[in-house]
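Subject: Structure handover

Hi,

Here is the structure I promised you. My notes follow below it.

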Amino acid sequence: MAAPHTLADTAPPRTVDPGTENPTSNRSERRLPALGKVLGHVVLVLAAAGLLLPFFWMVSSSLKADNGVFSIPVTWFPDSPQWGNYAEIWRISDMLVWLKNTVFLSVVVTLLQLFTGSFAAYGFAKTRFPGRNLLFLLYIGTIAVPWQAYMIPQFIMMSEAGLTNTPWSIIALQAFGAFGVFLMRQYYLTIPDELCEAARVDGLSEYGIYFRIMLPLSVPALASLALLTFVTTWNDYLGPLIYLRDPDLWTIQLGLKSFVSDYNAEHALIMTGSVLSVLPIAIVFLLGQKYFVQGIATSGLKG
Amino acid sequence: MSTTTVGGSPGIGADRTKRWYRARRSLQGVSFVLPNFLGFGLLTLGPVVALFYISFTNWNVFGKAKWIGLDNFTRLFGDTSFHRALLNTLYYSAFHIPLTLAVSLGLALLLNRKLRGVAFFRTAAFFPYITSIVAIAIAWNLLFSRDAGPINQILGLFGVTDPPGWTASSDWAMPAVIIVGVWREMGYYMLLFLAGLQTVPPELHEAARIDGANAWQRFRNVTLPCLRPTTFFVTVMLTIGSFKVFDLILVMTNGGPGQSTLVLSQYIYQKGLVENRFGYASAISVVLFALCMLVTIVQFAVNRRRNA
């Protein structure tokens with residue numbers, strides 16, 4: 001299938017940062033009629049409200065008493081915030097274990113993805129060997145195959161290897177994805193070949209070029225990949241659901257889901273748990289926002 | 001491709017050194033790819049190939065795989081739950097794809113203008129996409145509550161006296177899931193469109209304007225054609241994404257009420273990992289796989305013809 005080639009071609013060029021307005025187009029946009037501008041702002045405000053209200057409601061409900069979550073009319077700001085919910089949840093659930101497991105998995109997967117992904121990407125972008133393009137095609141081709149389609153054979157394989165019900169199953173599953181290779185290759189392609197040639201002439205080995213030239217140059221791309229991988233692993237539900245049956249191994253997503261079934265009437269506490277599961281991601285996102293945007297714009301591939 | 005041919009070198013000795021040098025370079029190249037490829041080949045490519053074999057077998061946890069030919073597939077024809085899952089997947093896709101496309105493109109066009117608060121909005125739009133499905137599904141489920149849920153209360157303000165039962169009703173559960181799906185993903189695709197819009201040359205717009213084209217004509221004849229690669233890419237990814245929808249449904253409705261939101265991925269999960277009927281589940285997987293391939297290939301063909 002011709003998919004890979006075109007997928008790679010359609011990815012927007014890396015240098016374009018959607019965060020910066022195009023100066024030439026601003027000139028024309030300034031002529032936007034006043035009415036259009038007002039209308040635009042109205043739509044923006046409405047859309048922002050629609051996007052953020054569920055989160056706001058989540059936080060506000062986490063500070064209510066259980067019977068206050070479904071009040072008529074809706075209370076957006078609870079009168080007496082129940083901060084106790086945030087202490088209570090640690091006492092009645094294994095939140096700490098779940099968080100620890102999730103952090104461990106996310107960190108290990110991210111490190112492995114970064115290393116094997118960028119290493120392979122260098123091979124695909126800057127070295128030549130027979131069959132290189134065909135191999136890369138296989139990588140890209142699998143992006144069109146949903147994981148759900150091959151999760152059964154993968155599961156059989158993992159259980160044959162005795163890896164089910166261990167963290168290694170999730171690590172193996174996530175650490176070698178095609179995504180990291182693709183994203184890093186896109187970045188390396190923008191680095192001029194002459195740089196590598198010059199280094200080769202100077203007697204640097206391929207490994208030397210990778211470690212001493214490419215890696216330092218690709219820190220922004222590595223940051224994008226790291227953040228996207230971390231967030232994906234943190235949020236993964238299906239993988240842990242299939243592989244981690246033992247409650248001691250549960251991640252925050254599994255834990256939260258089981259908490260909802262166990263305490264299904266305690267809406268406020270459920271929202272407290274939800275906030276706690278989202279909070280680390282929110283912080284990571286706010287810190288690394290720029291790299292998220294770059295990573296998505298570069299690749300347009302995830303999920 | 002990258003086959004190395006040595007042509008017309010002066011001396012045999014130099015030729016041999018060159019060839020050795022190239023072989024060494026090739027080997028080094030392979031060594032870069034190998035660590036990742038070992039994992040990828042074993043855990044992704046292998047299972048994809050194995051899938052087809054398993055789909056022709058009768059295989060449960062206990063015992064060996066037994067070749068039964070097309071039996072699994074013929075059984076699928078008569079399986080009403082499978083029909084339901086297939087139809088529901090198409091139902092979800094038929095709304096999720098065009099809605100997400102329209103909303104994300106619309107927002108991207110809006111954000112491409114110079115408006116106050118654009119930077120904040122870009123961040124806000126992206127946030128649902130990176131938060132966990134479990135947390136947002138739980139929050140939305142409560143928002144959708146039939147009696148005192150905030151959404152039905154808001155609908156009441158607009159004079160809706162008999163609001164939908166959402167996830168509790170077999171008619172409204174799928175629309176509820178679709179709404180959350182669009183809400184979650186629009187920021188991501190908006191970002192892709194935004195990146196695409198930055199590549200539209202402003203001179204083209206200027207020229208069209210001088211020729212007297214109005215805003216709609218400029219959108220149709222300048223922006224859309226320039227955006228075609230992005231639109232194409234977004235459509236392909238959205239389609240695959242919709243066909244494999246699972247987590248959201250599992251947490252929000254668990255396929256219910258009844259089977260009103262049962263989708264293919266979930267049916268695979270149920271047959272394969274709950275009931276341990278590996279062969280039958282693999283046959284459903286093959287259908288999902290074929291569906292994705294078929295649609296992707298059609299989209300590529302249409303795209304190519306348009307570009308020609």
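Over which residues of chain B does pLDDT stay under 50? Residues 1-9. The model has twelve contacts beyond four places in sequence for that stretch. Where pLDDT is low, the coordinates should not be read in detail. This is a predicted model.

Confidence first. Chain B averages a pLDDT of 85, and 95% of the residues score at least 70. Within chain B, helix α3 (residues 80-111) has the highest mean, 93. Strand β2 (residues 66-67) has the lowest, 82. For the complex, the predictor gives an ipTM of 0.84 and a pTM of 0.85.

Next, the interface. Chain B puts 97 residues in contact with 114 residues of chain A. Together the two chains bury about 9900 Å², with 75% of that on carbon and sulfur atoms. One salt bridge crosses the interface. The side chains of A:Glu206 and B:Arg25 form a salt bridge at 3.7 Å, N to O. Polar contacts across the interface come to 14 residue pairs. On the chain B side, helix α1 (residues 12-54) gives the most, with 22 residues.

Then the cores. The largest nonpolar core has 177 residues. A:Tyr188, A:Ile242, B:Phe121, B:Phe126 and B:Ile130 touch the most other members. Helix α7 (residues 173-197) of chain B gives the most to this core, with 16 residues. Another core, of 13 residues, lies apart from it; A:Ala120, A:Phe136, A:Tyr139 and B:Val33 are among its members.

B:Phe121 is one to look at. Its contacts, not counting residues up to four places away in sequence, are A:Leu44, A:Ala47, A:Ala48, A:Leu51, B:Leu107, B:Leu111 and B:Met190.

Best wishes

Terms used. Residues are numbered from 1 along each chain as its sequence is written. Chains are lettered from A and ligands numbered from 1 in the order in which they are written. This is a predicted model: local features need pLDDT of at least 70, side-chain atom pairs count only at pLDDT 80 or more; totals for chains, interfaces and linings use all residues. Side-chain values use heavy atoms; hydrogens and water are left out. A nonpolar core is a set of buried Ala, Val, Leu, Ile, Met, Phe, Trp, Tyr and Cys residues joined through side-chain atoms within 4.5 Å. Buried means under 20% relative accessible area, exposed over 50%, partly exposed in between (1.4 Å probe, protein chains only). Helices (H or I, at least four residues) and strands (E, at least two) are DSSP runs, numbered from the N terminus. Contact means heavy atoms within 4.5 Å. pLDDT is the predictor's confidence in each residue, from 0 to 100. Buried area is the accessible area (1.4 Å probe) that two parts lose on being put together, summed over both. A salt bridge is a side-chain nitrogen of Lys or Arg within 4 Å of a carboxyl oxygen of Asp or Glu. A polar contact is a pair of N or O atoms within 3.5 Å; within protein, one must be able to donate a hydrogen and the other to accept it, and residues adjacent in sequence count only if both atoms are side-chain atoms.
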